[in-house]
Amino acid sequence: MQNSHEKTVGIIKTGLVAALYVVLTLTASGMAYGPIQFRLSETLNNLAVFNKRYIWAITIGCVIANLWSSLGVVDVIFGSLGSLMMTSISYWLSKYAKTTVGKLTISVVVCTISMWSVALELYLVSHAPFWETYLTVAAGELVVSVLGAIIIKIVSLRVDFKK
């Protein structure tokens with residue numbers, strides 16, 4: 001059973017990661033929305049394999065960041081549900097990996113494959129071609145996910161993200 005201090009620290013960590021997601025998205029907002037995306041905040045998706053609090057942190061950050069999306073409420077709802085889905089799947093599947101590298105690899109693969117939801121959203125709302133959009137969005141996700149996995153692996157040598 002957690003004491004109130006541990007709960008408070010958990011809420012603070014969730015809020016900090018959510019805020020960091022928003023800041024990273026809006027800092028490079030020109031590359032964060034649309035059929036070609038390079039959303040730096042997606043590097044944080046890799047945190048979900050360590051603790052389920054980061055699933056909520058990333059989802060909350062995505063909800064807030066998507067308020068600036070040209071797709072409006074559609075992106076706030078469906079883009080954020082996509083983040084919730086892919087980080088939840090990463091968290092669940094990573095339980096079967098024994099090493100941090102294995103967990104992060106699962107996260108990179110799941111997040112990259114899950115970009116079908118972004119491509120579908122853009123196809124339905126903006127009439128962007130599905131397969132071309134999927135390839136460009138997935139390629140951007142792959143790059144930022146690998147970058148994030150490397151950074152998080154290095155930081156995890158000093159910081160215990162499981163706590």
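In this predicted model, the lining of the largest pocket comprises 9 nonpolar, 10 polar and 5 charged residues. The volume of this largest pocket is about 240 Å³. Its lining is made up of 24 residues, and those nearest the centre are Gln 37, Arg 39, Asp 75, Gly 79 and Val 118. Two elements, helix 3 (73-94) and helix 5 (116-126), each give two or more residues to the lining of the largest pocket. Helix 3 provides the largest share, with 5 residues.

The second largest pocket holds about 150 Å³ of space. The residues that line the second largest pocket are Val 74, Phe 78, Leu 81, Gly 82, Met 85, Trp 116, Ser 117, Leu 120, Glu 121, Leu 124 and Val 125. Helix 3 and helix 5 are the elements that give two or more residues to this lining. In the second largest pocket the largest share, 6 residues, comes from helix 5, whereas in the largest pocket the largest share comes from helix 3. By class, the lining of the second largest pocket has 8 nonpolar, 2 polar and 1 charged residues.

Aromatic side chains were examined next. A pair of aromatic rings is described by the distance of the centres and the angle of the planes. The model contains 5 aromatic pairs. One of these is formed by Phe 130 and Trp 131, whose ring centres lie 4.9 Å apart with 85° between the planes, an edge-to-face arrangement. Phe 130 also pairs with Tyr 134: the centres are 6.1 Å apart and the planes are at 0°, so this pair is stacked, given that planes under 30 degrees apart count as stacked. Phe 130 and Tyr 134 both belong to helix 6 (residues 130-156), where they are 4 residues apart, about one turn of the helix. Together, Phe 130, Trp 131 and Tyr 134 make up one aromatic cluster.

A contact between a charge and a ring was found at Arg 53 and Tyr 54. The charged end of Arg 53 sits over the ring of Tyr 54, at 5.5 Å from the ring centre.

Conventions:
Residues are numbered from 1 along each chain as its sequence is written. This is a predicted model: local features need pLDDT of at least 70, side-chain atom pairs count only at pLDDT 80 or more; totals for chains, interfaces and linings use all residues. Side-chain values use heavy atoms; hydrogens and water are left out. Rings of Phe, Tyr and Trp (its six-membered ring) pair if their centres lie within 6.5 Å; planes under 30 degrees apart count as stacked, over 60 as edge-to-face and the rest as tilted. A charge sits over a ring if NZ of Lys or CZ of Arg is within 6 Å of the ring centre and within 35 degrees of the ring normal. On a 1 Å grid over the protein atoms alone, a cavity is a set of points where a 1.4 Å probe fits but cannot get out, and a pocket is an open set with protein on both sides within 12 Å along at least five of seven lines; lining residues have an atom within 4 Å of a point. Grid points are joined across faces, edges and corners, and a volume is the space filled by probe spheres set on the points. Ala, Val, Leu, Ile, Met, Phe, Trp, Tyr, Cys and Pro count as nonpolar, Asp, Glu, Lys and Arg as charged, and the others, Gly among them, as polar.
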